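Hello,

Here is the structure I said I would pass on. Please look through it first, then read the notes below it.

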Amino acid sequence: MRIAPSLQVTETERQQLAQWARGRRTPARLVLRAKIALLAVAGHDNQHIAAALGTSRQTVGLWRQRFATQRLPGLAQDAPRGGRPPKARQALTARILKTTTQTTPPAATHWSTRTLARHLRTNPTFVQRVWTAHGLQPHRVRAFKLSRDPHFQDKLEDVVGLYLHPPEHAVVLCVDEKSQIQALDRTQPGLPLKPGRCGTMTHDYKRHGTTTLFAALHVAEGSIISTCLPRHRHQEWLTFLRLIDRQVPQSKALHLIADNYATHKHPTVQRWLTRHPRIHMHFTPTSSSWLNLVERVFGDLTAKQIRRGVFRSVPELIAAIDAYITQRNAHPTPFVWTKTAQEILTKVNRARLALNKTRTA
């Protein structure tokens, strides 16, 4: 018997069936189904296919028909079975969820699959399946901090307004300092990256001093004005402000977004700002450094240049930082702020409500 027209396959389907039939990391049941489909496509009848694969004609007919009507998904997924849902398993699932989310094990902060399986007298594999199905990851925790700034909303709306609706004939800069960047040298040479093996570096290190990076991110363009200075005082902050004042055209007003560090509000700094009225300071709320876009630059710098670097002196560290900034400025890419102040306030208020419930529970 020749193949029916409904079993004609595309080249993509043929390649997928061949991959499944090879059996590499493929469940045995799917290997059998793929072989049935390939022999059916080749024009063999059900009796011949059953004899060749050591199965029954009923099985061949079932999967031949499933492939003809549902194509590849029909082979990959089992049909839903009838019968009542297993009540014992549902009850155990509910116990796993309740125990995981509402209790902690003795002398530990969170459950593992093995400790919970021993506690509930089940197996770790089933616990893991329940956790995966419900998105539970007890070993992970996310950090957060709700700002207690009494003027949080006003400062938030001010900064987000600069991001979403920058003023005309003005430059908006996010400014901050990354202090105490250490020049770390490793005690032994690391091994390079190779196929099948990641690069290595020693866990211990030698300190060769520190530097502080002062950086200003141009919000609209993505370029960076930066300098490295040995200390982190209001004198160095003033030096950086003068650098910004020289590099930005005098015809432009300057709006600087900064955090509430005392250096930024030093009386000497305030007097200098009074003599330079084109510079307007905008401060983020307390404990809200996530609102300052230059922190994204610091994160990228740490991940791509500093964390795995080897520096035998502070000048070598500064040279690496300058190289990263120069390379980034050659092809600047701005960060695009998308959240409105109201969206952020809604999320913060929801978090604050949940925190208050936890405290009073």
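**Notes on the model**

Arg-66 is buried, with a relative accessible area of 13%. Buried means a relative accessible area under 20%, exposed means over 50%, and partly exposed is in between, using a 1.4 Å probe and protein chains only. This is a predicted model: local features need pLDDT of at least 70, side-chain atom pairs count only at pLDDT 80 or more, and totals for chains, interfaces and linings use all residues. Residues are numbered from 1 along each chain as its sequence is written, and side-chain values use heavy atoms, with hydrogens and water left out.

**Arg-66 and helix α4**

Arg-66 is in helix α4. Helices (H or I, at least four residues) and strands (E, at least two) are DSSP runs, numbered from the N terminus. With neighbours within four places in sequence set aside, Arg-66 is in contact with Arg-71, Gly-74, Leu-75, Gln-77, Asp-78 and Ala-79. Contact means heavy atoms within 4.5 Å. Arg-71 also lies in helix α4, and has a positive phi of about 60 degrees although it is not a glycine. Most residues other than glycine have a negative phi.

How do helices α2 and α4 pack? Helix α2 (residues 28-41) and helix α4 (residues 57-76) meet at an angle of about 100 degrees, and their axes are 9 Å apart. Axes are lines fitted to C-alpha atoms, for helices over the stretch in contact, and angles run from 0 to 180 degrees between N-to-C directions. The two helices are therefore roughly perpendicular to each other. On this scale, angles under 35 degrees are roughly parallel, over 145 roughly antiparallel, 65 to 115 roughly perpendicular, and the rest oblique.

On the α2 side, the contact is made by Leu-30, Arg-33, Ile-36, Ala-37, Ala-40 and Val-41. On the α4 side, it is made by Thr-59, Val-60, Trp-63, Arg-64, Phe-67, Leu-75 and Ala-76. By class, the residues of this contact are 10 nonpolar, one polar and two charged. Ala, Val, Leu, Ile, Met, Phe, Trp, Tyr, Cys and Pro count as nonpolar, Asp, Glu, Lys and Arg as charged, and the others, Gly among them, as polar.

Arg-95, Ile-96, Thr-99 and Thr-100 of α5 meet Leu-116, His-119 and Leu-120 of α6. This contact divides into three nonpolar, three polar and one charged residues.

Ala-107 lies in the loop between α5 (87-102) and α6. Is Ala-107 buried or exposed? Ala-107 is exposed, with a relative accessible area of 90%. Its phi is near 60 degrees, a positive value in a residue other than glycine.

Helix α6 (residues 113-120) and helix α7 (residues 124-133) have axes that come within 8 Å and cross at roughly 110 degrees. That makes α6 roughly perpendicular to α7. Thr-113, Arg-114, Leu-116 and Ala-117 of α6 make the contact with Pro-124, Val-127, Gln-128 and Trp-131 of α7. The contact has five nonpolar, two polar and one charged residues.

Ala-94, in helix α5, is partly exposed, with a relative accessible area of 42%. Ala-94 and Pro-249 are 155 residues apart along the chain, and their C-alpha atoms are separated by 65 Å.

**The cores**

A nonpolar core is a set of buried Ala, Val, Leu, Ile, Met, Phe, Trp, Tyr and Cys residues joined through side-chain atoms within 4.5 Å. The largest one has 37 residues, of which Leu-156, Tyr-163, Cys-174, Leu-213 and Ile-321 touch the most other members. Elements that each supply at least two residues of this core include α8 (152-164), β1 (170-186), β2 (205-218) and α12 (314-330). Another core, of 22 residues, lies apart from it and has Val-248, Trp-272, Ile-279 and Phe-283 among its members. In soluble globular proteins, nonpolar side chains tend to be buried together.

**Trp-237**

Trp-237 is in helix α9 (residues 234-247) and is buried, with a relative accessible area of 0%. Not counting residues up to four places away in sequence, Trp-237 touches Val-175, Glu-177, Phe-214, Thr-263, His-264, Val-269 and Met-281. Trp-237 and His-280 are 43 residues apart in sequence and 15 Å apart in space, C-alpha to C-alpha.

Regards
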